[in-house]
Amino acid sequence: MSEFGLKIKNIKAGTLFGYNQGVRNRYDYTEAMFSNSLFSDYIIQNGLNVWNDTSTRDIICLDFDFGSRSYEEEMDHLLKQFGPFEHDKSLSEESKERIRAIFRNVIDNKDNYMKCSKDEIREIFYENGVNVEYISSYTKKEGEKKTVINYKMLYRNSSKAKVGQVMFINSKLYKKAYNWLTMGLGKKMPMENAKIVEMSAYAPLTTSTIVGKFYCPVEAILIIKDTDSFYKTIAKIVKAEDYVVQEKVLDETATEIAKQRAIAEGKFLKDGVTPKYTKRYKRVNVIKKKCVVHDEETEVKNTLWDGEMLIESDILPEWVNGMALLRQHFFKACGIRTHIQLFFKDWCEKTGHDYETYEVQDMFGVCHKLKDIRMITTDNAIKWKKFMNLMGNTPAEAYQYWCDRVNETGSYWGIVKTDHPSKLGSVQQMSYQMVNTLPSYNIEIPSPCSTDDVRKLARTSVDYVEGMKDDNSLYVQYLRKNATIINHYEMLADLYDWNEDFGNSTWFRYEKCQVMGSYVNRLRTGKITIDGDNLTIFGNPYALLLKSVGEDPETDPTINVEPGTIQCYTKRFQDGEYLCGIRNPHNSPNNICYLHNTYSDEMQRYFVFSNNIMAVNCIHTDIQDRANGCDFDSDFFFVTNNEVMVKSAKAAYEQYPTIVNKLKESGLTYKNTMKEYARMDNKFSKSRIGIGESSNLAQLAMTYYWTNPSRELYDNFVILSVLAQVIIDGCKREYEVDAIEEIKRIKKLPCMQQLEEIEDELGNKKQVRRDFPEFMRYTRKIHYTKNGKEVERELVNQQKEKLSGRISSFYICPMNSLQIVMNDIKPIRSTNTIPTKNFIVKVNGKANARQMDKILGYAKELELLSKDNMSDDEILAYTERFDQILAELRKMKITNPKTMSRLIEIALNTSNRGRKKDYSRYTRNLLNLLYRMNREAFLQNFAKNCRISEKKSA
């Protein structure tokens, strides 16, 4: 088994449905990973079939991203795709026959077509399971032999649910797997009012990807009741309020009358089918819930150690830094390396207790000797508390039930992640939301930080770009630091090291211009770097030590209440420094935290803090609401001591009250059936667009507010800040307000419909929609590929024109100030370069055309798979395919040096012989394939030395 897990198939559910219906000749899939986890350890030992120690067919991932067409819709689709092809003179007879065959196949399978939405397909697969057919072998005599495996829905974790993906397992293993994941509680749940939301959220915790594990007896954990702390302050309260909206709904009575009239008039089609008739609709008043904002003095609540854990340093593996995020059955906690036993010894000596015999009680009434305790946490880490009524008659019985389940598999704790320094060194990358929400710190009216401040903020990034422009060695360092399997940076760096004069070649200079242009465009999206890092946060850890021995946690002397700021402790910054802290999702100045770093002897004696950990004071502060509902099960803050950021944080804390989410949970209930699981997951999957949509919309409202402040715009970004958190929590709980519907409502508000009056060529005035600020030219995506196919250039240009038409230069905001700063960066000089062909070593002979065509085809395929901002699954799919292609090409064994030489000539366009087709779009992927096939053979095609006197103008 690989260090990451087992390869599995990620199958498009819509295509699988069509394949099983007999209307498709294949189903679509990509490679995915069944990651290493506590669950994978268990199921591999209990019947999972593993092939060649690398993959399995017993687990699959289904992606519910689209539905299936009816017969009529399929015919309409084909007609739009092919049009009147019979009269198309540009098509060969062979092509026409191929299209005819497609139509014949659809007509022959007319009865097999079934229109189903992706939601309906999910219901079918959840309730009935699904068959997947595999080709198991092939012989000339017998043809294909096929194997069919039946699968049942097993689980989805929160991240998979948001993109519509669900894990299914071979039905032969289902009972064993489901029983283990649910600790036997799944079959005990009642039919009515079943907690399937909680079960779906917490049973899969043992399926989380782990990087390692360690042993600790479950009885050595002290679980105590968490503590709440309150703080009274003026806040922005977000509540729900009824409102009436008119909706268009089907009028079934009027529609039935129309249908009967059509029948009565005798309007029949062939075979007695009723003709089409117009459906009738009516408008009705519907009461819905919307969010409203009130400015009120309120008592905000912090839960001191929500999801937090202290772990005896000695039991953690050495490779764990300062913290470890842990998983076990219905258990999730983030632990800090702590000298627990040292604290207990010191406390016993101070209070006169016998360390060897002194006992404390946990929240279940079970006694633990201090000397035996290795981990300390609270009831918020134990997710099984929601099912205690199924686990025993008393809390103590429920606790023992859980202990028994953990002990069954050896009492090992999976480590999901540990903290690590920024890959960028002492700096960290910002986001456009952070930049755009920065307020001015010297204001009389609400206004954003100035262009001069943004220039200061971007100085490190701008200086870096200017340095790379004139220093190829610094540029090559950048290439090596940012090299991945997806880009060609390592190849460029090796070509430069092979011959430094190549850095002055036309192509290398062009690529440098493109690479740095992409980097500057990335900076334009707010990805500038400043001194700082992402720090995992914990609440008052010393107070948790005090609580474990019965002391009052509010006597914690390490981080205290301080007016106008929130005290914290981190070794990443100096004692006494004021800091800015921002947690994601971040949508408003009201979410910026103003922190004061405070060292203490206790923190340094009892805790092993790395530079990427921070403790924050939750006692009588508003930190959790301020940070948009943060908890301590591995949430992190972007923390910096940058002067501009700290001053803006101070202004934000003084002038922008904390937002408090007072939305109630909906009380929606489900039955314990697979159909209800499908209904729930269909609802959750719709949230995948919501997080990005809420952030983008919040920044539009923020930009309009900076430009022309109003209470309505202020309320909009406040509400959207809450909705972002509601959507993230959607896989664990449901609220009285539908977040997606609220986003749609806010988008349609008059204040969000930004119009601009323009004159046409004839002098006529008209209003056009100009609702995008300049920076969204770079933050909004243009789709160059769709479903692995290249989008037509005309459609891409249409997308660009549509985006450009909605951009206005009128808006004032920090992100637009950043565009002004980036405009000051001048492009690299493209003159006085050496022609690239001067570096190509001439190779005599005749190239292998068949091998060339194959390699060129692969380069084109990889180009279609690669795109900006790829998701983890897309990166995995690209990497898997790249490795497959590379393995196939290495088997090919290019023995003729002219073949590689000729492909390099084609890629770099240094020869006019032969092929007329332009492969410049695939240059990078083509050269990168050749380079990775055989690095030494590739480099030998380039001259080692080139005289400077050969330089010419490009």
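K512, a residue of helix α18 (residues 506-524), counts as buried because its relative accessibility is 3%, where buried means under 20% relative accessible area, exposed over 50% and partly exposed in between, computed with a 1.4 Å probe on protein chains only. Helices (H or I, at least four residues) and strands (E, at least two) are DSSP runs, numbered from the N terminus. The structure is a predicted model, in which local features need pLDDT of at least 70 and side-chain atom pairs count only at pLDDT 80 or more, whereas totals for chains, interfaces and linings use all residues. Residues are numbered from 1 along each chain as its sequence is written, and side-chain values use heavy atoms, with hydrogens and water left out.

When residues up to four places away in sequence are not counted, K512 touches M468, K469, D471, N472, Y475, G517 and I828, contact being defined as heavy atoms within 4.5 Å. One of these residues, M468, is 44 residues from K512 along the chain, and the C-alpha atoms of the two are separated by 9.4 Å. F17, in helix α1 (residues 13-21), is likewise described as buried, because its relative accessible area is 5%. Its contacts, with neighbours within four places in sequence left aside, are S68, M114, C116, I121, I124 and F125. Between F17 and I121, which stand 104 residues apart along the chain, the C-alpha separation is 7.4 Å.

In soluble globular proteins, nonpolar side chains tend to be buried together. The largest nonpolar core of this model has 197 residues, and those with the most contacts inside it are F34, M752 and F938; a nonpolar core is here a set of buried Ala, Val, Leu, Ile, Met, Phe, Trp, Tyr and Cys residues joined through side-chain atoms within 4.5 Å. Helix α25 (residues 711-728) gives the most to this core, contributing 10 residues. For M752, the contacts beyond four places in sequence are L697, L700, A701, Y704, L713, N716, I746 and K747.

Helix α23 (residues 674-685) comprises 12 residues and reaches 16 Å from its first C-alpha to its last, close to the 16 Å expected at 1.5 Å a residue, the expected span being 1.5 Å times one less than the number of residues. Within α23, the buried residues include E676, Y677, A678, M680, D681, N682, F684 and S685.

The second largest pocket holds about 490 Å³ of space. A pocket is defined on a 1 Å grid over the protein atoms alone as an open set of points where a 1.4 Å probe fits, with protein on both sides within 12 Å along at least five of seven lines, and lining residues have an atom within 4 Å of a point. Of the 18 residues that line this pocket, the closest to its centre are K9, W51, S55, T56 and R57. At least two lining residues are supplied by each of β1 (5-12), β3 (55-63) and α31 (872-892), and β3 gives the most, with 4 residues. The lining divides into 5 nonpolar, 6 polar and 7 charged residues, with Ala, Val, Leu, Ile, Met, Phe, Trp, Tyr, Cys and Pro taken as nonpolar, Asp, Glu, Lys and Arg as charged, and the others, Gly among them, as polar.

F330, in the loop between β12 (323-328) and β13 (331-338), has a phi near 50°, a positive value in a residue other than glycine, and F330 counts as buried because its relative accessibility is 1%. N540, in the loop between β19 (529-539) and α19 (541-548), has a positive phi of about 35° although it is not a glycine, and N540 is classed as buried because its relative accessibility is 0%. The peptide bond from N584 to P585 is cis, with omega near 5°, and P585 is placed in the loop between β22 (578-583) and β23 (593-597). T831, in the loop between α29 (814-823) and α30 (849-865), counts as partly exposed because its relative accessibility is 44%. The C-alpha atoms of T831 and L6, 825 residues apart along the chain, are separated by 51 Å.

Terms used. Grid points are joined across faces, edges and corners, and a volume is the space filled by probe spheres set on the points.
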